[in-house]
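Please look over the model shown below, with attention to how its chains are put together. A short report on selected features follows.

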Number of protein chains: 2
Amino acid sequence: MTETELIRRIRRIAAEGPVNKAVVHGIGDDCAVMRPRTNEDFVFTTDFVLQDLHFTLETHKAADVGHKALARSLSDLAAMGSTPVFCLVSLAVPKELSGRWTEQFYRGLLALAKRYGITLAGGDLSRFEKVIVDVMCCGRVPRGGSLLRSGAKAGDRIYVTGELGGSALGLATQKGAAWKRHLRPEPRIQAGLELRRRGVSACMDLSDGLSLDLRRLCLESNVSAEVWPSLPITKGATVEQALHGGEDYELVFTAPARKKIPLSLGTPIGVIKAGTPGEVFYDSQKLAVGGFDHFTQAGG
Amino acid sequence: MTETELIRRIRRIAAEGPVNKAVVHGIGDDCAVMRPRTNEDFVFTTDFVLQDLHFTLETHKAADVGHKALARSLSDLAAMGSTPVFCLVSLAVPKELSGRWTEQFYRGLLALAKRYGITLAGGDLSRFEKVIVDVMCCGRVPRGGSLLRSGAKAGDRIYVTGELGGSALGLATQKGAAWKRHLRPEPRIQAGLELRRRGVSACMDLSDGLSLDLRRLCLESNVSAEVWPSLPITKGATVEQALHGGEDYELVFTAPARKKIPLSLGTPIGVIKAGTPGEVFYDSQKLAVGGFDHFTQAGG
């Protein structure tokens, strides 16, 4: 199959996906073209999914990789409280995967795209000795409405959506619901929209583990955090996995203590403090920086 | 160096770069935030630059790789007749390149960014056994003003900016002006803007070689093309290199014969015909599909 034929095939698969009216031209030109409505901001994120770092060909089917690649970026759109608009997908694959594997990759990606109404509007395609994916997602929010990392204030409560540690448990056991959760993470788009409507003070998604990500949120907000030992932990997962395990793709957010946050939206896990920016305490002990750091490889 | 420290350093480098007012939040959050002005469309493109496919560590310095990665995407913005707004840069590097090499990469990229006023607004960072880069660029055009591949009509003249074959010559000889041209391609942003103002009928950039790229333009426009044997060829390059050599990053465009196109903007190289869509004739001979196809690897 030539690149031109492959692009034609991807274009056909993409045409079965959702069409966002903001996308005026999709696949087929040098660029995708988007027409904004008035009084909207747009948010943009890009995330790698790399073979043998974020997945292996042995454990992940092509459709799983497609799902995960889009889910990672959608999770960032969720963290901003935005509505998905379109994505660009850059994919490089070994020659032997350029046929059926690539098609199944796009089918997995498009199945998730359909559920969140996001248009596949373009990307790049290349050959490489390993599978590398980079997905750019664009979302929209009412002007000035983005949920940022930088808005947390001393005294705010800290919350997380859902449970923690499930993805790390799944990665360790490779079975059951936890493994499925690791394979097919669900971006918290609806929760993000609800948090924006409620006007929380700060928000980010948990991709590298609570300890590291909360530290990043605190650094941006110039605050520290006290986490209580009452975390919502996935059944079977350890506290260690809940604190430092990556890829839960839940949202961590903060809100003034007076603001009502229903338990169905988020579990309170601690409180924001003044103090050394970026320090995170758990059960009154200062937490060593864990989580997934690509260059030190501490944690999971 | 940890990922957090590296990101802090990149952020400092990025802060020295141009700041586009449309970018409300840059590096430091889950997403970059852009605020559109009214009556504008936005165009988006993403392009890989992969080690040992698009460059080697032996022939390209870190700053060359940074330049090339941004230039490839800017060239797509040029093809749409757009003004650069912001970029997202996804970079994965081996651990041993995560210090000085990575810094020099961003310096090379930012030097080009400054010249075209494009803001580095975010991206992703990872570790991998080889260097992989994926740059997403966003540009803006007056509403409905994008130059597309699909507007060429039978009877239109075909033009190219600059000269052809220089990059392929440089790659073959690795010396002189041609090699410099291959190392540091210059995106034709100004030419693209001028073509939009003049209202040409179709435009695209030449990344994979005239024969393949013109074929793609013809397929989108449902036309064929007749190329004359009077191509503007870089001194020392062969006709073969001018027809099939990749990475010239010039613009190929079409305009009605009555429209005045100054020679300083583009050299006429042929004429659009009705006929089998996608067929390209050179010197009255049907041209085999050459150029760079990632999966068949025909041509250079």
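## A helix over the sheet

Helices (H or I, at least four residues) and strands (E, at least two) are DSSP runs numbered from the N terminus, while axes are lines fitted to C-alpha atoms, for helices over the stretch in contact, with angles from 0 to 180 degrees between N-to-C directions.

This is a predicted model, in which local features need pLDDT of at least 70 and side-chain atom pairs count only at pLDDT 80 or more, whereas totals for chains, interfaces and linings use all residues. Residues are numbered from 1 along each chain as its sequence is written, and chains are lettered from A and ligands numbered from 1 in the order in which they are written.

## The sheet

β1(B) pairs with β2 (residues 32–34) of chain B in the antiparallel sense over 2 bridges, and B:V23 stands opposite B:M34 in β2(B).

## Between the chains

In total, 56 residues of chain A are in contact (C-beta atoms, placed from the backbone, within 7 Å) with 56 residues of chain B. Strand β3 (residues 40–50) of chain A gives the largest share of chain A's side, 9 residues.

Notes: Two strands pair if DSSP finds at least two bridges between them. Two residues are in contact if their C-beta atoms, placed from the backbone, lie within 7 Å.
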